[in-house]
Amino acid sequence: MREGFLYRTFSSSRFALKTGWRISKKRVILEFLHWAFLYVDWLIVSCVLIRFILDMAMKRIAFEKMMLYVWSVVALQAFLVIFERFFETYVKPVTDVKLYDGINRMLYAKACQVDMRCFEDSEFYNEYMMAVSQAHSKLPETLQGVCQIMARFAAMIGGMAIIYQIDRLAALFIIFPILGNFVFYGVLNSRIFRMERENMVFQRMADYVNRTLHLGEYAKEIRMTNVFRLLKKQYDRAVLAIRKVIGQYSLGNMILFWLFQYFTFTLLQEGAVLYAGYRVLVSGTMAFAQMAVIQTTMNSNTWTLIGFADSVMAIVKNGLYLEQTRHFLEYEPAIPEDQEGLIPSLPIRSVEFEHVSFGYKEDGFVLKDIHFKVEGNQSVALTGYNGAGKSTLTKLLMRLYDPDEGRILVNGIDIREYQVRAYRELFATAFQNGRIFADTIEENILMGRHRDEEKDRETVRRALRLADMYEEVESQPLGEKTILTREFSEEGVVFSGGQNQKILAARAFAKDSPIAVFDEPSSALDPIAEYHLFENIRMYGKDRILFFISHRLSSVRDADLVFYMKNGRIQERGSHCQLMQQNGEYASLYRLQAENYRG
């Protein structure tokens, strides 16, 4: 426990100071001065001033000299109060925002580099959520705690020096609050953190139910079905689990808190009073003025020590959260976004998979021994039932993941040798579960790629025409400047699922890349709209390598190559005509779908 306590205190303090200094040097300096001045004020008024006045009174020093000292202390206090108000009302609010912005920027930068595989790891995701949700509050709290510790420690040393000069044995009473704060309170805080960590999964379950009841996208299902009963059961299970975890820790926590209170207050204060009273009233070895100074300084030192211990324990507790933040920021991705390497040369002549296998987890492969080569400006259709590995194949091609076995070659070069960002610029993509962002239609299509206003406008309009959304967008008062979703604007437009899918397709059409990937681009479209979209996809893809995924086999007839996938393997390959002649599963599925259309 001791080793863990010291490690967390030191590591979290160092991380907070280093990060705070990097974001706002002014905050670190003035935070320390704020607490140093506060305890200088306490030491002078509560300890030095009282002792000085009592000594002067016993020596019958002139009242004028006494008042000169008092007014000097009052003037010093006035300055310290002015500084404190300046810090609390101006420096702290301004730098709090700067710290919030700075740590979030660091987290955002790292979040953009985290490997996609991590999002399938529940343990990593839990730590990621703790890092993101707590960092902006725990950083300033820990920074404040570090400055409090330094100032309070210096103040305690000064107070103990005053007590030690009067009576050496009286200084030993400080042992009790040290035990109370650093032993019992330390164990208590570690238990509270473990309890909160165990409850994290259940809290996420409860938060999920809360979120679904507040978001409009779930409202129709909740009102038209009995799904709320299921959600309520899930919520009740989560709350019951949280209560159970708390119950397991409650008795031990209560005992530890009692021991903390007893050692910190009762043994110290009553013990010090009895000891000083004995010295004054029984043995006559201590003056009453000395007893008053000891009692006042001891009480003040007690609260300073409690504050010191609170600051240390707060750092330990916050350190348990900041440890997640630190680990997240120190995470080294397997595929660094800033990885240097070769710049892909154009044109792209070939894409090749050499016996590629891949699994999201250690329990098995999603893709097994995938091998093929695409040369020239060919179009490749990936078909098959759900879970066959079609989307995973395209993610490997875009290097969102790396294969567990085999290689992927572009222009005959292993894609791991390319500069990551330059390599991904080769792709124009429309993802199956792509997201619409709370921004303008234009920005949802360009996705941050800007040249000049006129060219950008023409690019967006051309992409909208290919996606068959131009007329719909131009009918809006602001055209392509129309805000999508009502996340931030009541004037925002909420498109249907099919219209959103066309915007996602336009996003791909707007990017002039040598390789295009369309993952189920028409799943929300009616057959006529789907037909027009695929006609435009083929027209867009005639001068580039095109991969597209579709369950509707009528849309893949004109592809140069068709890969029919099953159980993570390419089971059948060839043109549509060749596969029909083979009379395998692809041909059977095609005829079944055609019969349904005719019916």
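Start by selecting helix H15 (residues 497-509) and helix H16 (residues 527-541), which pack at an angle of about 10° with their axes 11 Å apart. That makes H15 roughly parallel to H16, a label used for angles under 35 degrees. Axes here are lines fitted to C-alpha atoms, for helices over the stretch in contact, and angles run from 0 to 180 degrees between N-to-C directions. Helices (H or I, at least four residues) and strands (E, at least two) are DSSP runs, numbered from the N terminus.

Two housekeeping notes before you move on. This is a predicted model, where local features need pLDDT of at least 70 and side-chain atom pairs count only at pLDDT 80 or more, while totals for chains, interfaces and linings use all residues. Residues are numbered from 1 along each chain as its sequence is written, and side-chain values use heavy atoms, with hydrogens and water left out.

Now show side chains at the helix pair. On the H15 side pick Lys502, Ala505, Ala508 and Phe509; they meet Ala529, Leu533, Asn536, Ile537 and Tyr540 of H16, where contact means heavy atoms within 4.5 Å. Sorted by class, the contact of H15 with H16 has 7 nonpolar, 1 polar and 1 charged residues. For that count, Ala, Val, Leu, Ile, Met, Phe, Trp, Tyr, Cys and Pro are nonpolar, Asp, Glu, Lys and Arg are charged, and the others, Gly among them, are polar.

Two strands pair if DSSP finds at least two bridges between them.

Next, zoom in on strand S8 (residues 545-549). Is it buried or exposed? 5 of its 5 residues are buried, so S8 is largely enclosed by the rest of the structure; buried means under 20% relative accessible area, exposed over 50%, partly exposed in between (1.4 Å probe, protein chains only). Ile545, Phe547 and Ile549 sit on one side of S8, Leu546 and Phe548 on the other, and all are buried.

Check the partners of S8. Strand S7 (residues 515-519) pairs with S8 in the parallel sense over 5 bridges; look for Ala516, whose bridge partner in S8 is Leu546. Strand S3 (residues 379-384) pairs with S8, also in the parallel sense, over 4 bridges. Click Val380: its bridge partner in S8 is Phe547, and its bridge partner in S9 is Leu561. S3 and strand S9 (residues 561-566) run parallel and are joined by 5 bridges.

Time for the core. In the largest nonpolar core, of 43 residues, Ile445, Leu464, Phe509, Phe518, Phe548 and Tyr586 touch the most other members. A nonpolar core is a set of buried Ala, Val, Leu, Ile, Met, Phe, Trp, Tyr and Cys residues joined through side-chain atoms within 4.5 Å. Select Tyr586: not counting residues up to four places away in sequence, Tyr586 touches Thr383, Leu553, Val556, Val562, Tyr564, Glu572, His576, Leu579 and Met580. Another core, of 36 residues, lies apart from that one and includes Phe182, Leu256, Phe263 and Ala309.

Most residues other than glycine have a negative phi, and most peptide bonds are trans. Select Arg399 in the loop between H10 and S4: its phi is near 60°, and at 4% relative accessibility it counts as buried. Then try Asn411, in the loop between S4 and S5, with a positive phi of about 55°. Finish at the peptide bond from Leu346 to Pro347, which is cis.

Technical notes
Angles under 35 degrees count as roughly parallel, over 145 as roughly antiparallel, 65 to 115 as roughly perpendicular and the rest as oblique.
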